[in-house]
Amino acid sequence: MLEVSNLTKHFGGIKAIDNLSFKVEENELLGIIGPNGSGKTTTINLISGVLKPTTGKITFRGKRIDGLPSYEIAKRGIGRTFQVTQVFRRMSVMENMMVPALSIPKSDGGSQTDHTKRALEILEFVKTDHLKEEYARNLSGGQQKLLELGRILMLDPDVIMLDEPFAGVHPELKMEIHSYIRKMHKEGRTFIIISHDLQSIFNLSKRLIVLSEGRKICDGSPEEVKNDTRVVEAYLGE
Amino acid sequence: MRYKTILFLASSVVIGGLIPLFVHGYWLHVTIIACYYAILASSWTLLAGYTGQFSFAHLALAGIGAYTSALLVLNTSIPLYLSILIGALTAALIGCLIGGLVLRLRGPYVALFTIAFSEIFRIALGAEYKFTRGNLGLEVPPLFEGTSKLPYYYTILGILVISLLIMWIILNSRYGLFFRAIRENEEAASVMGVNVVRYKMMAFVISSFFAGLAGAFYGHYVGMLTPNIMLIPQMGLIIAMSVIGGIESLAGAVTGAITVQFLSEYLREYGQLRLVLFALVLVVVLRFSQNGLVYPLYQWLFERKIRAELTKERVKVEGIRNAGGK
Amino acid sequence: MAEYLALQALNGLVIGLLYVLMATGLSLIFSVLKIVNFAHGELYMLGGFASYYLTRLLGINPFLAVSLSMLIVFLLGVIIEFLLLHPIYTGAIERKDEYAILMTFALSIFLQNLALMIFGPWTKNPSPFTSGTTTIGFLTTSNNRLIVAALAIVLILALLVTINKTFVGKGLRAVSQDRDAASIVGINPHRMNLLAFGVGAALAGGAGALIGPIFFVEPTMGTLPGIKCFVIIILGGMGSIKGSIIAGIILGEVESLGSVLLLDPTRGLAYKNAFGLLILIIILLIKPTGLFGEKYVRME
């Protein structure tokens, strides 16, 4: 469904991504892990159009998407969250939800009231509906993460890329996010999740890709990854 | 809330229409100029306050509208009303061009680029005096015959009301939501599917059209055009009006424009001092109230009650939630 | 003709050096505070007026007046940073970039109008450094200009030495590279801010004090040079002092020679100021990071 081929990204003299290739199948839940600076977020930035690759290509459902602006990619059904939450701070929660609702003409059309209803449903799903009129900046960090999750659902993408969804989140909320991801995955969506929280990601995904210094050093099940010496080295040694 | 706004608008229009009964001569002129500034300030707010593009070329665009219209009337047989429209459209076109050029630029680079553009245009207008009469002044045929200011007043009032209406409708639609999202966080907006390119340029085109329209009117009202109308300090005046009034609302910009203009005239006898005072007010307002004076005041006065009720509601719900456990 | 061009080139060099002096100040402010100072031109203007009043009213020696003017503008810069810009770095301001643009721009309007009110709109002439002319080969130029050029070079060199060799300079460079890291090792970023803005302002003021004796001073003299400084630091690269030096001299030459070589004389002169602006626009379109410098750093 989504294929990354020979992707390279240079920042000045630094090679952030070095000849990276992998495939993601429909309805997979892929985890991407690796030590700091290994290029995880850069990969997502490249797929979502925030960055343009130096060389290589990215195809989604057979069509190339590398080089497209991120709104085009969002239109095609790939959504993402950010490591540091990027909610629209001085807009209300409801308005935050309405932006992705209205930005892309959906196949089923939908009037304002339809969108509002759906937004409320999603907010209920992530248990933040009581905050709907609140300014996003007044939300706690955890609530903002939930809002980002809700926002992405409003986009209704087939592929959801989460960048550190568990970072800085207390254990209770972590369990909630866990269950939301599981539920959404069951609905048929494809997930790519970056996380440092190895426990969570081992639990969630059946397949992991390990990055180190911009290169893929392992691609397999959590068991395989856990036992791979290269992975252990990458995390421990430098 | 929408009902309140309509009421407010309607009453403003009525009051505006009745003003000439009480105001004559020089002060009617001041009112006309105030309306001119109000159109400029509010259209600038749409661009800067809503999409976050701080363009300093706004007055240059007004000047483009003014000079285009004037030169068309003087040199061709195109009727005056059409010239004004063409002037506004030309400004919109150039605004579109500028918008396209600054798309990749951020923050101060947009300001620098547009300052440079504005100055180059002003210098060129002055230098090409064979066409434009440069700093000697271009005489512009008046919009109406006779010496009465009344038709001018109603025209500019009409333009102001219509432009505000159009901008208000746009800003309260999904486009307004997208504009604000772009200003808040352009990257996040894009990732959420907002075509930031299209909407940033849309803002430029709309605001430039109204700037050009106002400029064209100005030329045919005052009867004389020089490149000095687009001096950077003049642009600073527009920005001051918008900021003092409240950079995030059209109403704020309009109020700011009217307030500054009238105060400025009222204090005219103090000469240079009033400009110093306004600049000082601007600095102080910016320093302590980044969102301006007028609109935040309004929010504080009228929306405090609503805020309080929402907070009470939230506390109640949280209480129930916490008591029931997860 | 060759003589005329050479003379223009020499003038271009002198002006270019003053642009460089002013632009280095702006570059320093940008490096450390990460903001673009739209009031830079007005600081230049105030330096010019300070030197005027010091030399004409108080009869102070012109060389001393330059130093004093720089000191005065330095103090003004420190006050400005403390009162108006400090909140940016304490987290009190929501949209930092916007605030910086608007505040420095508002400040420039305020200072310009204040100057118009206090000093009046007419031009004034500070005392020249010296009189007489010097002839080098076939070129004759006033000694005044030579001294101005020399002083400008001295000041630029002094700045380079300070930045690269002194402890304080290290502190400035540290903060410009990584604010948080610098504070962890004990450098006070707020103090560096004050210093950087003060010194940057002083450099502009110095340029103003130097140009007064060879041209004149008047309250609106800062607007165009202010914009030209942007041209220079964008051309040379935001944050690169070396780049500013090269770019400043290029601009000085382009203006001097361009206005006589291109176009007819009357329009050429009118367009003189537009060259720099045109360069700015072209650079921003092609390569917004300039020839040497770093990409614009957003503050949030």
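## Helix packing in chain C

In this predicted model, the axes of helix α1 (residues 2-33) and helix α5 (residues 143-165) of chain C come within 9 Å and cross at roughly 30 degrees, where axes are lines fitted to C-alpha atoms, for helices over the stretch in contact, and angles run from 0 to 180 degrees between N-to-C directions. Helices (H or I, at least four residues) and strands (E, at least two) are DSSP runs, numbered from the N terminus. The helices α1(C) and α5(C) are therefore roughly parallel to each other, a term used for angles under 35 degrees, with those over 145 counted as roughly antiparallel, 65 to 115 as roughly perpendicular and the rest as oblique.

Residues L13(C), V14(C), L17(C), L18(C), V20(C), L21(C) and T24(C) of α1(C) meet a set in α5(C) that includes V148(C), A152(C), I156(C) and L159(C), contact being assigned if the C-beta atoms of two residues, placed from the backbone, lie within 7 Å. By class, this contact of α1(C) with α5(C) has 13 nonpolar, 1 polar and 1 charged residues, where Ala, Val, Leu, Ile, Met, Phe, Trp, Tyr, Cys and Pro count as nonpolar, Asp, Glu, Lys and Arg as charged, and the others, Gly among them, as polar.

## The contact between chains C and B

Chain C contributes 37 residues and chain B 33 residues to their contact. On the side of chain C that touches chain B, α4 (96-119), α9 (223-236) and α11 (265-286) of chain C each supply at least two residues, and α4(C) gives the most, with 16 residues. That side of chain C comprises 28 nonpolar, 4 polar and 5 charged residues.

## The sheet of chain A

In chain A, 6 strands form an open sheet of mixed pairing in the order β6-β7-β8-β3-β9-β10, two strands being paired if DSSP finds at least two bridges between them. The edge strands, each pairing on one side only, are β6 (78-80) and β10 (215-220) of chain A, and the twist averages 20 degrees from one strand to the next.

Within this sheet, β3 (residues 29-33) and β8 (residues 190-194) of chain A pair in the parallel sense over 4 bridges, and I32(A) stands opposite I194(A) in β8(A). Helix α9 (residues 229-236) of chain A packs on the sheet, touching β9 and β10 of chain A, and its direction makes about 130 degrees with that of β10(A).

## Basis of the model

Residues are numbered from 1 along each chain as its sequence is written, while chains are lettered from A and ligands numbered from 1 in the order in which they are written. Because the model is predicted, local features need pLDDT of at least 70 and side-chain atom pairs count only at pLDDT 80 or more, whereas totals for chains, interfaces and linings use all residues.
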